[in-house]
Amino acid sequence: MTGRFVLSGAPLDESAVLAAMTTDGAGAVVTFVGRVRSHSRGRDVTRLDYEAYPEMAEKIFAQIADEIRSRVEVIDVAIHHRTGSLGVGEVSVVVAVSAAHRSQAFDACRYAIDRLKQIAPIWKKEHSPDGAVWVDDRP
């Protein structure tokens, strides 16, 4: 899977995203990998379903990267998010940032995942043994 901003129904390749961020000028590459966990909000979780508005999601990913570049000096940003049904342990999101220095890379990566949760047109349904509920993680 290539590209900096990807919304995909296929499994995400976190090592490929990391490799794409590695350049000679990058003194730091920071990644965030979100995985489906087995417990949330006091309930067991058996799987998550992600739905998205594809025409907007990748544009929002690019917007987040532009926001980062206006705040912090970075070399590159990648955001990949999965859609469809994901089991416990599967990767739902990969965010990677390269920068000359670690502080910029850490700040930018945190900003990216926080902003993604705020504005990306992606919705999550949690499934548990006692049913399913749509979850709003927006801060």
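Hi everyone. From the N terminus on, the protein chain runs β-α-β-β-β-β-α-β-β-β-α-β-β, which gives three helices and ten strands. Helices here are DSSP runs (H or I) of at least four residues, strands (E) runs of at least two, both numbered from the N terminus.

A word on the source: this is a predicted model, where local features need pLDDT of at least 70, side-chain atom pairs count only at pLDDT 80 or more, and totals for chains, interfaces and linings use all residues. Residues are numbered from 1 along each chain as its sequence is written, and side-chain values use heavy atoms, with hydrogens and water left out.

Now the overall shape. The C-alpha atoms fill a box of roughly 50 × 25 × 25 Å along the principal axes. Of the 139 residues, 41% count as buried, meaning under 20% relative accessible area with a 1.4 Å probe, protein chains only. Take contacts (heavy atoms within 4.5 Å) between residues at least 6 apart in sequence: 71% of them join residues at least 24 apart.

Let's zoom in on one residue, Asp 49. It sits in strand E5, residues 47-52. Is Asp 49 buried or exposed? Asp 49 counts as buried because its relative accessible area is 16%. Leaving aside residues up to four places away in sequence, Asp 49 touches Gly 84, Ser 85, Trp 123, Lys 124, Lys 125 and His 127. With His 127 there is also a side-chain to side-chain polar contact, at 2.6 Å. Polar contact here means a pair of N or O atoms within 3.5 Å, one able to donate a hydrogen and the other to accept it; residues adjacent in sequence count only if both atoms are side-chain atoms.

Methods:
Buried < 20%, exposed > 50% of the residue type's maximum accessible area, 1.4 Å probe, protein only.
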